[in-house]
Amino acid sequence: MSLSTALSIAQSALMNTARQTSVVSRNVADASNPDYSRRQAIVTSTAPGARSVDIQRVTNDLLFRQNLGALSAWSGQNALFSGMDQLGVAVNGVDNASSPSSVIANLQQALQLYATSPSNQNLGASVIDAAKQVVRSLNEGSKAVQDFRTQTDGQIATAVDDLNSLLSQFQDANTAVMTGTRSGNDVSDALDQRDALLKKISNYVPVSTFSRGDNDMVITTGDGTTLFETIPRTVSFAASAGYTAGAAGNAVYIDNVPISAGAGGNTSASGTLAGLLQLRDGVASTMQSQLDETARGLITAFAETAPSQPNKTGLFTWSGAPVVPAGGTLVNGLAASISVNAAMDPSSGGNPTRLRDGGANGAAYVANTGGASYSTLLIAYGDRLDQPMAFDPAAGVSATSSVSDYAANSIGWFEGVRQQASTASDAKEALASRSAEALSNATGVNVDQEMSLLLDLEHTYQASARMMKTVDDMMAALLNAVG
């Protein structure tokens, strides 16, 4: 081997070592970046005695796809669970203290006390006050549900805007990958950026990807709807200014295909958007229906009856008074319109004794003509609260139940779904965390390994430097001998 060849090999080795050291240093610097994939500097032979360094980005497509799926599942579940926590407090209060079930129980107690002493007008007024608390609970609960739906609608609009922005950013990153691939440049950073955007996109909708020539990537949703192909597909949504009971929410469209809402406590929702749609159109709407059915049950239980006369609203009335709502049929918005009958409300000029005696709808409905100790109607009203009646099964609770049990079962339904959502949220969060950890172990940076590799490179550098020193000494000796 000539001295010039030996010198060339030593110089090449130094340059390759320097490039390898640069790659290792970059790995260490980005070790804490969850979106960074480890680089490997692979030394390859290009000609006899010649070496070059090829930089490769470490990937694991299977683990990456699993991580994307886990992120989507947890995002949808977390959206449902977080929303239910907020909705439960807004409607029922902390520990269900202001729920319809609690205030109906208070009304029953006040009614029982009044029945034991029908001549005590103060006890009659207490029943009216308890009835007002029931009305307030239903009115405010209904408003809270619709306010929550409006708020969730706004969150959906924000999520759609964010998703469209991410898709636009993805287009820029994908273009950078394709351009770099065509020109033969290192596109590792652009690939990192593209993968990071995919993770963010998967938080909103489930994604599936495949690559074409020049590393061009196509994104579809879980049901096969195209989300990105060369250009982003439009994600559209028309937000609503406000909601009323029974009003349907607008759908979210991807390339004119609607996104399906999730279902169940362990929700089928994959991605935040499906979880929010389930909250707005599923959980909140069902809760509103249960409030409306509770209101209808109360109006029915306290309706005034008379021989040969149609039943008419008694203690509780509504916008369709004096007609009593049809049995077993949901009336949207009834919880928002229920009120205490002015004929029995002292603050409106009414008389609480009409609850004891009847007659809020005229003389034909008077049951007691003057007995101060008359308690038959009061006892009957109390019994009706515990007697089974028909409820609309579309509200999600048992179709046959007493009013008091129905209100309690409504809380049971909500808490049951919320508990399922909580358990599933913990499980899916753990899965997302484990999949991210597995991906990091496979493609991320282990600082200890990189530092060990750096020591090996230092030894390689020292060997190359000694070789150059030896060649330099030999050339100096040769020159001295010639001279």
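## Helix H6 and its two partners

Axes here are lines fitted to C-alpha atoms, for helices over the stretch in contact, and the angles between them run from 0 to 180 degrees between N-to-C directions. In this predicted model, the axes of H6 and helix H9 (residues 376-385) come within 9 Å and cross at roughly 150 degrees. Angles over 145 degrees count as roughly antiparallel, and H6 is therefore roughly antiparallel to H9. The crossing of H6 and H9 is right-handed, and the residues that meet are Leu298, Thr300 and Ala301 on the side of H6 and Tyr381, Arg384 and Leu385 on the side of H9.

Helix H6 (residues 272-301) also packs with helix H2 (residues 61-92), where the two axes come within 8 Å and cross at roughly 30 degrees. That angle makes H2 roughly parallel to H6, and H2 passes H6 in a right-handed crossing. The contact draws on residues of H2 that include Ser75, Gly76, Ala79, Leu80, Gly83, Met84 and Leu87, which meet residues of H6 including Gly275, Leu276, Leu279, Val283, Ala284, Met287 and Leu291. As a general point, an α-helix has 3.6 residues a turn, so residues three or four places apart point the same way.

## Helices H3 and H10

Helix H3 (residues 100-116) and helix H10 (residues 403-443) pack at an angle of about 155 degrees, their axes being 8 Å apart. H3 and H10 are therefore roughly antiparallel to each other, and their crossing is left-handed. In this pair, Pro100, Ser101, Ile104 and Gln108 of H3 meet Val403, Ser404, Ala407, Ala408 and Ile411 of H10.

## Helix H4 and its ends

Helix H4 covers residues 121-183, a run of 63 residues, and its span from the first C-alpha to the last is 92 Å, close to the 93 Å expected at 1.5 Å a residue.

## The four-stranded sheet

Four strands form an open sheet in the order S3-S4-S5-S6, with antiparallel pairing. S3 and S6 stand at the edges with a single partner strand each, so one side of each is left without a neighbour in the sheet. H4 packs on this sheet and touches S4, S5 and S6, its direction making about 35 degrees with that of S5. Helix H5 (residues 188-202) lies across S3, S4 and S5 and runs at about 10 degrees to S4.

Strand S3 (residues 207-211) and strand S4 (residues 217-221) pair in the antiparallel sense over 5 bridges, and Ser211 has Met217 of S4 as its bridge partner. The hairpin of S3 and S4 has 5 residues between the strands, and within that hairpin Asp214 takes a positive phi near 60 degrees. S4 is joined to S5 by 2 bridges, again in the antiparallel sense, and Thr220 stands opposite Thr226 in S5. Thr230, in the loop between strand S5 (226-229) and strand S6 (231-232), has a positive phi of about 70 degrees although it is not a glycine.

The loop between S8 and S9 holds Asn256, whose phi is near 70 degrees, a positive value in a residue other than glycine.

Strand S10 (residues 304-306) pairs with strand S11 (residues 309-312) in the antiparallel sense over 2 bridges, and the bridge partner of Glu304 is Lys312 in S11. This hairpin has 2 residues between its strands, and Ser308 in it takes a positive phi near 60 degrees.

## A cis peptide bond

The peptide bond that joins Ala321 and Pro322 is cis, with omega at about 5 degrees. Pro322 lies in the loop between strand S12 (316-317) and helix H7 (334-337).

Methods. Residues numbered from 1 in each chain as written. Predicted model: local features only at pLDDT ≥ 70, side-chain atom pairs only at ≥ 80, totals over all residues. Heavy atoms only, no water. Expected span 1.5 Å × (residues − 1). Pairing = 2+ DSSP bridges. Parallel < 35°, antiparallel > 145°, perpendicular 65-115°, else oblique. Left-handed = near helix turned anticlockwise from the far one by under 90°. Contact = heavy atoms within 4.5 Å.
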